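Good morning, and thank you for making time for this presentation. I would ask you to keep the sequence and the structure in view while I speak.

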Amino acid sequence: MDYDVIIIGSGPGGYVAAIRASQLKMKVAVVERAELGGICLNWGCIPTKSLLKSAQVFDYLTHSSDYGITITGEVRPDFTAIIARSRGVAEGMSKGIQFLFKKNNIVHIKGTGRLEGSNNVEVEDADGSKKNYSAKSIILATGARSKELPNLKQDGKKIIGYREAMTLTKQPGSLVVVGSGAIGSEFANFYQSIGTSVTLVEFLPRIVPVEDEEVSKQLERSFKKMKMKVMTDSTVESVDTLKGKCIVTIKTPKGPEIIESDIVLSAVGITTNIEGIGLEKAGVKTEKGKVVVDDFYRTSVAGVFAIGDIVHGPALAHVASAEGIICVEKIAGVAVDPLDYKNIPGCTYTNPEIASCGLTEAAAKEAGYDIKVGKFPFTASGKASASGDKDGFVKLIFDATYGELLGAHMIGANVTEMIAEIVVARKLETTAHEIMKSVHPHPTMSEAIMEAAAAAYGEVIHL
């Protein structure tokens with residue numbers, strides 16, 4: 001065999017799996033046709049956070065008087081410079097992955113990889129030439145791409161996906177964003193913050209629909225405070241781009257509504273990249289657009305594994321990374337437990353941010369739990385008041401019988417940095433009493449976790 005492990009795809013699942021495999025003394029190669037780091041690092045997680053940071057800085061400057069600071073002269077966003085900074089951040093991170101590959105003796109095979117049986121991969125380079133490589137184990141980590149709806153075909157110019165949304169050459173005056181999941185909400189937030197007039201359209205009754213209902217309502221209030229137009233229970237029926245503008249026909253509960261915009265951003269989800277990678281030829285079983293795997297990511301073909309967006313579970317970068325580590329450790333014979341998909345944090349980097357883990361209040365009730373709910377608003381937080389970021393709250397859900405922490409739902413400044421406490425607490429089966437009696441530093445936003453736990457048991461101090 002040429003290698004112990006060949007990994008197809010270098011996103012947060014593939015490159016993390018490669019590094020861990022190298023640490024375990026395996027000979028590793030990664031097949032990647034584009035930039036190392038995949039979509040997340042180059043076209044998703046990292047560059048979008050750069051855009052959102054620029055928007056946050058602009059928001060601080062435009063509201064500087066709230067902090068006792070007077071700025072003379074015009075403050076305006078330089079859209080081209082914002083985009084350039086975002087691309088620079090992504091390129092720097094990709095170079096970091098190149099360094100890690102060299103450090104860990106990982107071979108980067110440039111090209112498009114396809115399965116040729118259980119132990120072979122064919123790689124086609126940009127010139128069309130092909131070469132075969134063999135490995136004891138092959139891991140598929142090909143990720144996903146922007147999903148297209150039949151009535152919302154992306155042309156890359158007027159109807160765009162997330163890649164085009166972060167590389168536009170000119171800031172649109174108006175934008176319709178279709179879909180209010182993490183991708184749609186983050187882009188809506190960014191563009192509205194820098195002066196684009198945004199309309200956010202969601203098919204379901206509330207935005208960020210996977211979140212707790214109270215979180216959804218709070219984000220909608222925050223978006224409307226920014227003057228964003230939010231349309232729920234609404235569907236984009238058609239987009240006419242023939243006259244240079246986008247004439248968007250939207251079906252709403254009150255009847256059809258027509259909106260004119262410069263650009264339409266389709267953010268209705270993702271589609272897995274499982275076509276053209278040799279699954280059928282190798283006999284790898286798929287179901288509903290995903291590769292079927294067991295708890296350790298083994299496919300139906302011996303020696304072939306799959307991780308990340310192309311398998312069951314949340315399509316999140318940190319999930320793919322965790323799956324990659326478990327997968328290669330299992331291959332190496334390390335004693336390892338399956339991933340606990342019930343304890344995965346989810347983060348949305350809007351302003352205010354959203355972070356959650358575990359059951360929502362509705363899901364806990366549906367599961368038959370007798371629950372206690374504690375909620376602490378950031379309006380009562382000293383740190384939030386001092387920072388000028390009082391929108392949002394922390395909401396904790398406990399099993400009333402044993403005090404088990406069933407779920408946590410946060411919306412507010414920096415809550416994406418706070419959710420890890422919840423993940424560790426749930427991993428350690430921490431109870432409400434233990435959270436309440438764990439001293440949290442003052443003044444911090446994280447105090448709200450302790451206060452929310454106390455609120456669930458009638459012991460909250462600052463409400």
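Predicted model: local features only at pLDDT ≥ 70, side-chain atom pairs only at ≥ 80, totals over all residues.

Residues are numbered from 1 along each chain as its sequence is written, and side-chain values use heavy atoms, with hydrogens and water left out.

Helices (H or I, at least four residues) and strands (E, at least two) are DSSP runs, numbered from the N terminus. Two strands are said to pair if DSSP finds at least two bridges between them.

Let me begin with an open sheet of 5 strands, ordered β8-β15-β9-β10-β11, in which the pairing is parallel. At its edges stand β8 (159–160) and β11 (229–231); each has a single partner strand, so one side of each lacks a neighbour in the sheet. Strand β10, residues 197–201, runs parallel to β11 and is joined to it by 3 bridges. Within that pair, T199 stands opposite K229 of β11. Helix α6, residues 182–193, packs on this sheet, where it touches β9 (174–178), β10 and β15 (263–266). Contact here means heavy atoms within 4.5 Å. The direction of α6 makes about 165° with that of β10; axes are lines fitted to C-alpha atoms, for helices over the stretch in contact, and angles run from 0 to 180 degrees between N-to-C directions.

Another open sheet has 3 strands in the order β12-β13-β14, with antiparallel pairing. Its edge strands, β12 (235–240) and β14 (255–261), each pair on one side only. On average, neighbouring strands of this sheet are turned by 25° against each other, direction ignored. Between β12 and strand β13 (residues 246–252) there are 5 bridges in the antiparallel sense, and V236 has I250 in β13 as its bridge partner.

I turn now to the enclosed elements. Buried means under 20% relative accessible area, exposed means over 50%, and partly exposed lies in between (1.4 Å probe, protein chains only).

How many residues of β1 are buried? The count is 5 of 6, so β1 is largely enclosed by the rest of the structure. Strand β1 pairs in the parallel sense with β6 (residues 130–140) over 5 bridges, and with β2 over 4 bridges, also parallel.

Helix α1, residues 14–23, is mostly covered, with 8 of its 10 residues buried. Its cover includes β1 (3–8), β2 (28–32), α4 (79–103) and α9 (317–332). Just after α1, K25 takes a positive phi of about 70°.

In helix α14 (residues 447–456), 9 of the 10 residues are buried, so this helix is largely enclosed by the rest of the structure. Among the elements covering the buried residues of α14 are β22 (371–377), β23 (393–399) and α12 (415–427). G458, which follows α14, has a positive phi near 70°.

Y60 belongs to helix α3, residues 45–62, and is partly exposed at 34% relative accessible area.

Finally, the salt bridges: each is a side-chain nitrogen of Lys or Arg within 4 Å of a carboxyl oxygen of Asp or Glu. By this rule there are 18.

E186 and K49 meet in one of them, at 3.1 Å from N to O. This pair links distant parts of the chain, with E186 in helix α6 and K49 in helix α3, 137 residues apart. Is E186 buried or exposed? E186 is buried, at 8% relative accessible area, whereas K49 is partly exposed at 25%.

K375 and E214 form another salt bridge, with their closest N and O atoms 2.5 Å apart. K375 in strand β22 and E214 in helix α7 (residues 213–225) are 161 residues apart. A network of salt bridges links D212, E214, E361, K365, K375 and K395.
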